[in-house]
Amino acid sequence: TIEIKQQLEKSVGIKEILKQRFGLTDEEIAKKNKQVDRLNYIKDEQSVIDLANFCMQIFSLSQQDVTKILKANPAMLGLSKENIAEKVNFYKHALNLTNLDIGKMLKAMPVLLSLSKESVLEKVEFLCQKLNLSKSELAKILKNVPTILSLSNDMVQSKLDFYTNTFNLSSQELSKLVKIMPQLLTYEQNSVVGKILFFINEYGLTQTEFSKMFKAVPAVLSYSEAGIKKTEQVYAQEFDLQQQEFAKIIKMFPAALGLSKEYIQNKADFYMTEFGLSKQELGKMIINSLTRRKRLHINMKNVLEKANLFMQEFDISKQDFIKVLRFVPSVLNYTPETIKEKHAAIRSIGVSEAEVVAAPQILSTPSNSLKIRFLILKQVANSQEILSKTGWSMANQNKTFARLQFLKFKGQATLTNMLKSEAKFEKKFGVSTEDLTQQFKLTTQEIAIMQANAEEEMSFSNQELQYILGE
């Protein structure tokens, strides 16, 4: 509690009380001169001290907290204990807040207890309706950002309209984003526009791309431009990445902007030390993993466990595992079950572990569709010829089957034609693979015909057939 070291013989003015008992300077008092002048009727220092002690007790505040609150809102001294108790009871019933909640909100928004009940109730109703929130959801938002209560309804509506139009948000998306990051309602529109232009001009993003980033990680609006540039420098130092590569990373994984320098350095040191990777290799792995919508695994304990499981299952050395990791970093996201399924599927088409190390891309193919992709190509080539093409397993089975049927009719069904890029195939044959998939459909009957034509027996489980046929 605040103690009065000596009783003043004469009554003192409110300014003297604020200076002597709460340490406010003349300059700080001058900034709130209008509020302070309205409190000139207060002459009893003891009553002020009692009120401060009362607030400290019911809100679990320190003397330093009370001083900061009074610096921002000296008008609070005009409230009586009864006034404060009444407001506390109001907030408890209106938003189910505890005394501790109100104390934390008061530190962030010193005028909280000065707001009228009517204005608060109006704001609660308005926000719940506009954002489709329950009162408990709104209470959670206000606990984090109580200053929202000081905004007019017109101002809030203007901000909601701005976000909706700028980022093409549905009402559900808008509500979700505000729940995740309620600070959005406090940002100035010009500041948000400036941030969008910064990403567009600095990193070559389109507004659509930035909108996707914002929807995924709304915190992108909270990062300062200077902070973003520092993060870019860290990625350049740790992974030898150029600006356009950093742009790719934040576009695919915007949360990367929120990682600290120490965190990034720690993970980089781990991968380079444990797996002997260079900065350039690790940088390529990060981009490679994100391109496949898989974030490079960052839990170091799990990384080692996954690495050991993979090496044991495929019976390969750590050196060979590192070769695989460089091409397919997503192996660190595989569960133990996935590792076993991958191995079983690869062995079922006669691919050895050594061939996996030599051409790790085969691991990126879904286990349930690996055999059918192999079987389709077996209609035009033998196993050795197929396995000599490192990208054969990446060809989608529906597109490959459609090409097979078309090329057979044209009398040009060769492995080379089957595996041509989309652009080269369309240029040579004057038709897109996408159009061919509408004409030629992979069915159970067609699979049976290809099985009969194959040199060796190749069977499919019900699970594989359902996956292949999209059932």
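Visitor: Which helices each supply at least two residues of the lining of the largest pocket?
Guide: Helix 20 (336-348), helix 22 (367-377) and helix 29 (462-469) each do. Helices here are DSSP runs of H or I with at least four residues, numbered from the N terminus. Keep in mind that this is a predicted model, where local features need pLDDT of at least 70, side-chain atom pairs count only at pLDDT 80 or more, and totals for chains, interfaces and linings use all residues. Residues are numbered from 1 along each chain as its sequence is written, and side-chain values use heavy atoms, with hydrogens and water left out.

Visitor: Which helix gives the largest share of that lining?
Guide: Helix 20, with six residues. The lining has 13 residues, and Glu341, Lys342, Ala345, Ser367 and Asn368 lie nearest the pocket's centre.

Visitor: How does "pocket" get defined?
Guide: On a 1 Å grid over the protein atoms alone, a pocket is an open set of points where a 1.4 Å probe fits, with protein on both sides within 12 Å along at least five of seven lines; lining residues have an atom within 4 Å of a point.

Visitor: And how much space lies in the largest pocket?
Guide: About 220 Å³. That volume is the space filled by probe spheres set on the grid points, which are joined across faces, edges and corners.

Visitor: How do the lining residues divide by type?
Guide: Three nonpolar, six polar and four charged. Asp, Glu, Lys and Arg count as charged, while Ala, Val, Leu, Ile, Met, Phe, Trp, Tyr, Cys and Pro count as nonpolar; the others, Gly among them, are polar.

Visitor: Back to helix 22. How many of its residues are buried?
Guide: Ten of the eleven, so helix 22 is largely enclosed by the rest of the structure. Buried means under 20% relative accessible area, exposed over 50%, and partly exposed in between, with a 1.4 Å probe and protein chains only. Among the buried ones are Ser367, Lys371, Arg373 and Phe374.

Visitor: What do those buried residues pack against?
Guide: Helix 20, helix 23 (383-387), helix 24 (397-410), helix 25 (415-418), helix 28 (444-453) and helix 29. Contact means heavy atoms within 4.5 Å.

Visitor: What about isoleucine 349, buried or exposed?
Guide: Isoleucine 349 counts as buried, at 7% relative accessibility. This residue lies in the loop between helix 20 and helix 21 (353-358). Not counting residues up to four places away in sequence, isoleucine 349 touches Ile362, Leu370, Lys371, Phe374, Trp392 and Met458. Isoleucine 349 and phenylalanine 374 are 25 residues apart in sequence and 7.4 Å apart in space, C-alpha to C-alpha.

Visitor: New topic: which residues have the most contacts inside the largest nonpolar core?
Guide: Tyr91 and Leu363, in a core of 150 residues. Helix 4 gives the most to this core, with eight residues. A nonpolar core is a set of buried Ala, Val, Leu, Ile, Met, Phe, Trp, Tyr and Cys residues joined through side-chain atoms within 4.5 Å.

Visitor: What do the buried residues of helix 4 pack against?
Guide: Helix 1 (14-22), helix 5 (63-72), helix 6 (81-95) and helix 7 (99-108). Helix 4 is followed by serine 60, whose phi is positive, near 55°.

Visitor: And asparagine 132, where does that lie?
Guide: In the loop between helix 8 (117-130) and helix 9 (135-144). Asparagine 132 has a positive phi of about 55° although it is not a glycine, and this residue is exposed, with a relative accessible area of 67%.
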